[in-house]
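Open the model in your viewer and get ready to select residues by number. Each stop tells you what to pick and what you will find there.

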Amino acid sequence: MRGGDTTGLRAYNERLVMHALLQAGMLSKAEIARETGLSGQAASVIVNRLLEDGLLVKLDKVRGQVGQPSTPIAPNPDGAYALGVKIGRRSVEAILINLLGEELGASRVRYDAPLPEPTISTAIAQAAGLLAHLSPARRARVVGLGVAMPDEIHAWSAELGLAPGALDGWRDADIAGAFARETGLPVTLYNDAAAACAAEMIAGHAIVSRSALYIYLGTFIGGGVVIDGRLYRGEQGNAGAIGSMPTRPAVPGTPPGQLIHAASIFLLERELEAAGIDPTAALSAALADGSGERADAIFDSWAEAACAELSRAVVSALSVIDFQEVVVDGFLPPSWRDRFTQRLTAAVERFNRSGLKSAPVMAGSIGPMARVLGAAMLPLKARFSPDTDLLVRSGMARDSGLKVRI
């Protein structure tokens, strides 16, 4: 930023103030000045402007302390909103959140296959439906729409049991443009696993270290990378593509496979279906037909095989980047996710890790909503943070609910 760029400086200082308040929840003007390093006068001017804009609100005065009563300033929950959409291999989800990350509305539509035209139309309809519930004044406060989806979704026809070329329409689809035309919002695309990692960093409590390998067990396995406290996307935006890690050849002398074909949920779904068990019910822990024990046995068999290959990928990643922790989340039921994490820990420990530091394997704390929640949170983060990168912050408000600090 050039020294004479007063407009840019003012915008940056506003972001400093908003970020400090979103982290702390509420602060007095004097505390805001201390937290941001601004002068008392500059902080007061910026706070007053943000109050006028409706982004901040004054709370009741705090009395009974030494000195004059102070008036806490807090973010206005209705000061801004954001939309998130997740386009997946099995479903489309949408969520509307306010400035504090509180859910205001959500929807989900399942399908057998992510065929391009109907999937995009369904996703746009979901986003438009959530926007329709806002008054014109509140609609004007929606800062953006994040879309989380897998990279190269067109490449997975065979894995989803589709005819060759069935997903080729995704190659040239202008997804951001389609959403922007229908909603009038700025639209940003994110890798779905990276968005899930972002949700864990912002709203969860599992990623607390400055470096972490994040693994999301979705229909296809994916991941995220946290380095130096930042969500690292890579020079080509593909960091954390753990599903592409090579695996041992299924038959000696044949080419290696990829982790996506060894540790993805679609393989578990196939095994459950073959046993006559509804995968959707099993994965939502909603089995009511007495098949729970059979589903558990199938899961344990899948998890054993998946962890055998995933552990190799984890140890390989640890040998390249000195991660402090490994976090595993996804749309497994909590009990299955915990058992998977325990199995992965045991599998990692069976390797000779001489020369490597230990990195505990932790269960994530967001679960199935991580991808769509991250897609919604990232536009708010981009709008109200002085940093261009998503950071792991010490002292952040972290819980497993949706009320978070952006």
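This is a predicted model: local features need pLDDT of at least 70, side-chain atom pairs count only at pLDDT 80 or more; totals for chains, interfaces and linings use all residues.

**Stop 1: salt bridges**

Side chains of opposite charge can pair when their charged atoms come close. The structure holds 14 salt bridges, and we will look at some of them.

Select Arg-49 and Glu-14 to begin. They form a salt bridge whose closest N and O atoms are 2.7 Å apart. This pair ties together distant parts of the chain, since Arg-49 sits in helix α3 (residues 40–52) and Glu-14 in helix α1 (residues 6–24), 35 residues apart. Arg-49 is partly exposed, with a relative accessible area of 21%, whereas Glu-14 counts as buried at 17%.

Next, pick Glu-309 and Arg-248. Here the closest N and O atoms of the salt bridge are 3.3 Å apart. Again distant parts of the chain are linked: Glu-309 belongs to helix α10, and Arg-248 to the loop between β11 (246–247) and β12 (257–258), 61 residues apart. Glu-309 counts as buried at 11% relative accessibility, while Arg-248 counts as partly exposed at 46%.

Now select Arg-337 and Asp-329, a salt bridge with closest N and O atoms 3.2 Å apart. Both Arg-337 and Asp-329 are buried.

To finish this stop, show Asp-296, Asp-300, Glu-304, Arg-339 and Arg-343 together. Salt bridges link these residues in a network.

**Stop 2: a buried arginine**

Select Arg-371, in helix α12 (residues 370–384).

**Stop 3: two helices crossing**

Color helix α4 (residues 116–132) and helix α6 (residues 175–183). Their axes come within 10 Å and cross at roughly 35°. The crossing of α4 and α6 is right-handed. On the α4 side, show Ile-120, Ala-123, Ile-124, Ala-127 and Leu-131; on the α6 side, show Ile-175, Ala-178, Phe-179, Glu-182 and Thr-183, and you have the residues that make the contact. By class, this contact of α4 with α6 has 8 nonpolar, 1 polar and 1 charged residues.

**Stop 4: helix α8 and what covers it**

Move to helix α8 (residues 265–274), where Ile-265, Phe-266, Leu-267, Leu-268, Glu-269 and Leu-272 are buried. Among the elements covering these buried residues of α8 are β8 (212–217), α9, α10 and α11 (334–349). After α8 comes Gly-276, with a positive phi near 80°.

**Stop 5: loops**

Select Glu-152 in the loop between β6 (142–149) and α6. Glu-152 is not a glycine, but its phi is positive, about 50°. Is Glu-152 buried or exposed? Glu-152 counts as exposed because its relative accessibility is 52%, and the cut-off for exposed is over 50%.

Asp-228, in the loop between β9 (221–227) and β10 (230–232), also has a positive phi, near 55°.

End at Asp-289, in the loop between α9 (279–283) and α10 (292–320). Asp-289 counts as exposed, at 55% relative accessibility.

Technical notes
Residues are numbered from 1 along each chain as its sequence is written. Side-chain values use heavy atoms; hydrogens and water are left out. Helices (H or I, at least four residues) and strands (E, at least two) are DSSP runs, numbered from the N terminus. Axes are lines fitted to C-alpha atoms, for helices over the stretch in contact, and angles run from 0 to 180 degrees between N-to-C directions. A crossing is left-handed if the near helix is turned anticlockwise from the far one by less than a right angle, and right-handed if clockwise. Contact means heavy atoms within 4.5 Å. Ala, Val, Leu, Ile, Met, Phe, Trp, Tyr, Cys and Pro count as nonpolar, Asp, Glu, Lys and Arg as charged, and the others, Gly among them, as polar. Buried means under 20% relative accessible area, exposed over 50%, partly exposed in between (1.4 Å probe, protein chains only). A salt bridge is a side-chain nitrogen of Lys or Arg within 4 Å of a carboxyl oxygen of Asp or Glu.
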